Amino acid sequence: MNTTDSSQLEGDIYLPAPAITANAHIQEYDNLYQRSIADPQGFWADRANELEWFKKWDQVLDDSNPPFYQWFVGGRTNIVYNAIDRHLKTWRKNKLALIWEGEPGDVRTFSYFALNREVCKFSNVLRSMGVKQGDIVTIYMPRIPEQVIAMLACAKIGASHSVVYGGFSVEALAERIQDAQSRVLITADGGWLRGKTVALKQIADEAIARQATIESVIVIKRTGQEVRMEAGRDYWYHDLMALPIANPFCCTDELDAEHPLFVLYTSGTTGRPKGILHTHGGYMVYTYTTLKYVFDIKDDDRYWCAADPGWITGHSYIVYAPLLNGATMFLYEGAPSYPYPNRWWQMVEKYGITILYTAPTAIRGLMRFGDAWAKRHDLSSLRLLGSVGEPINPEAWRWYYSVIGRERCPIMDTWWQTETGGFMISPLPITPLKPGSATRPLFGIEADVVNDQGQPVPAGEEGYLVIKKPWPGMLRTILKDPERYKTQYWSKFGNMYLAGDSARKDKDGYIWVIGRIDDVIKVSGYRLGTAEVESALVSHPAVAEAAAIGLPHDLKGHAIYTYVILRAGHEKSEKLAEELRNHVAHEMGPIAKPEQITFMDSLPKTRSGKIMRRVLKARALGMPEGDISTLEE
Ligand code: WT7
């Protein structure tokens, strides 16, 4: 081992096999980490120099107005130029960029050449519809190649995309469209999930009726189900792509490094979802570098990130970073256990997947079907595994490691967030692993665990997870709300980024993330705000007040439990509880459907009227209620 001497490490250690480490891009951690921290700007400039720029930057980092940091200032680039155009000048032109399998089993493939053609055509379509630099286009799609094409087509012409996860529903979509002021929505007639079609267009129609900005809707025909098309507003994608305007040649716009690339909404502590803003230059350098180092991407890899492009994991590590690295990625439309629990393993075998990146909730879900489904398949192509979204419990880690990885594949447990743009704390293929720990910060990242005063806590003690210096992939602001950006992330400790997680650091400097410390619930790795679930409940005519909390759940990690006070004239019943659960699913999406609704006559509140969710949680778990001196009851 040429990283930390593993014989000195404490706990349950798994060493990566020599076959894995031998050719890894990164062969050594400690020295390179020290150097990257001593001179982060030099480190990032070297990484940026591996990519192409229309014009190089004048300044790597402008930190004159914290926390509004800017990276590669004065540089001119476009992430699409590096993700696609750059490869067309090389042999990679004819390399597969994307292999896609639909849930019914249909397969489509795109070389870099073919992907470029589709993106160019669609960029021209968007331009002809008046989309221009600075616009935000909303994308609401199933996991199909056109989702990737649509995102890239926006970026190519300097428009930003706002992708709304296809599992979200009416109100979630409507408020995101409204906040982004999108004039164009790209969607599909539906998508396949567990043998059924999802009514995306119908949900989109309902959402459009609730906001005032959408002028045009582009609809991809995926399932062929009957949908309503509104004349003068709705257009079929295939009709537009057949017009002469959909020319296969389109220049990639030269943009400022700090030009906005996308907005992605995520749940915060209070109120409505926040539009997290990322920009071309820094995000490009950061996602490119982190994927290369952590998943050790090589030209002969078949890389599969099983997330949805609609989440940050998909933005960074399905769409952008694999293409920036010239990799071949795999995308699958449907559910992991459809039609049988071996679906994923069958596809790993069929396509020779070498890197599989997924979430603990999916691992637990597949683990419950037993080992036989995986054991039937030849999974020997796999060389690296990954995990993201929540802390992985050691039981799931060991199953993933032994049954899927056959004890050959190290697990990259990557800690990061929508806001961070890319991996922050993660092993490299050479890192000795401890199940359940994301191990150590990546190059250029100064992560620490601190107490209320911002002082590092002793090894083994719990504290706030913070990042002490800016990094290129960081969010730049919250759309239209720079004040909230400042107070939410940068005000508690002065100049440190507050992640919103609690964590511990052990004697070896390994970081163990414990979970959210705010009112964010991680359900199956998806991030939901208690405030959003509560407002969905209160939008039902029978509900006067509501509180939502997350409680531990075997498969989902956490599940949503809700407490409801009914309006006068409404009676509690099983039927009403079911109706309320369905109402939340209809407004927000199936992932937000509460596990349970409990009818209450009152809710524990502070004297100033704030719901004490902590008390509800303690009561539900039969734990001490803690300090309830502010409780008014
Ligand atoms: C929150 C961010 C970033 C991709 C998906 C989630 C939790 C994420 C890990 C991990 C422990 C993790 C944190 C974080 N989280 N990865 N490897 N170990 N916790 O992005 O929806 O923005 O959620 O996910 O609590 O704050 P997100």
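A polar contact here is a pair of N or O atoms within 3.5 Å; within protein, one must be able to donate a hydrogen and the other to accept it, and residues adjacent in sequence count only if both atoms are side-chain atoms.

A few notes on the model follow.

1. Ground rules. This is a predicted model, where local features need pLDDT of at least 70 and side-chain atom pairs count only at pLDDT 80 or more, while totals for chains, interfaces and linings use all residues. Residues are numbered from 1 along each chain as its sequence is written, and side-chain values use heavy atoms, with hydrogens and water left out.

2. Arg406. With that definition in hand, look at Arg406: its side chain reaches the backbone oxygen of Ala374 at 3.0 Å. Arg406 sits in the loop between α15 (394-404) and β20 (411-413); helices (H or I, at least four residues) and strands (E, at least two) are DSSP runs, numbered from the N terminus. Leaving aside neighbours within four places in sequence, Arg406 is in contact (heavy atoms within 4.5 Å) with Ala374, Lys375, His377, Leu379 and Tyr401. Its C-alpha atom is 9.2 Å from that of Leu382, 24 residues apart along the chain. Arg406 counts as partly exposed because its relative accessibility is 29%; buried means under 20% relative accessible area, exposed over 50%, and partly exposed in between (1.4 Å probe, protein chains only).

3. The ligand site. Around the ligand there are 17 residues (a heavy atom within 4 Å), and Asp413, Thr414, Thr418, Lys522 and Arg527 come nearest. A polar side-chain atom of Asp413 lies 2.7 Å from a ligand nitrogen, and one of Thr418 lies 2.5 Å from a ligand oxygen. Taken alone the ligand exposes 560 Å², and the protein buries 96% of that (Shrake-Rupley areas with a 1.4 Å probe; for residues, only the protein chains shown count as cover). The elements giving two or more residues to the shell are α11 (312-324) and β25 (511-516).

4. The cores. A nonpolar core is a set of buried Ala, Val, Leu, Ile, Met, Phe, Trp, Tyr and Cys residues joined through side-chain atoms within 4.5 Å. The largest one has 164 residues, and Tyr320 is among those with the most contacts inside it. Beyond its neighbours within four places in sequence, Tyr320 is in contact with residues including Ile79, Met151, Leu152 and His315. A second, separate core of 31 residues includes Phe330, Trp344, Trp345 and Tyr401.

5. Helix α2. Which residues of α2 (residues 30-38) are buried? They are Leu32, Tyr33 and Ser36. Seen down the axis of α2, the buried residues fall within an arc of 100°, so they line one face of the helix; the arc is that of the directions from the helix axis to the C-beta atoms. Turned away from that side are the exposed Asn31, Gln34, Arg35 and Ala38. The cover over the buried residues includes α3 (40-48).

6. Most residues other than glycine have a negative phi, and most peptide bonds are trans. A cis peptide bond joins Pro66 and Pro67, with omega about 0°, and another joins Tyr338 and Pro339, with omega about -5°. Gln181, not a glycine, has a positive phi of about 55° and is found in the loop between α7 (170-180) and β8 (184-188). Lys480 has phi near 60° and counts as exposed at 55% relative accessibility.
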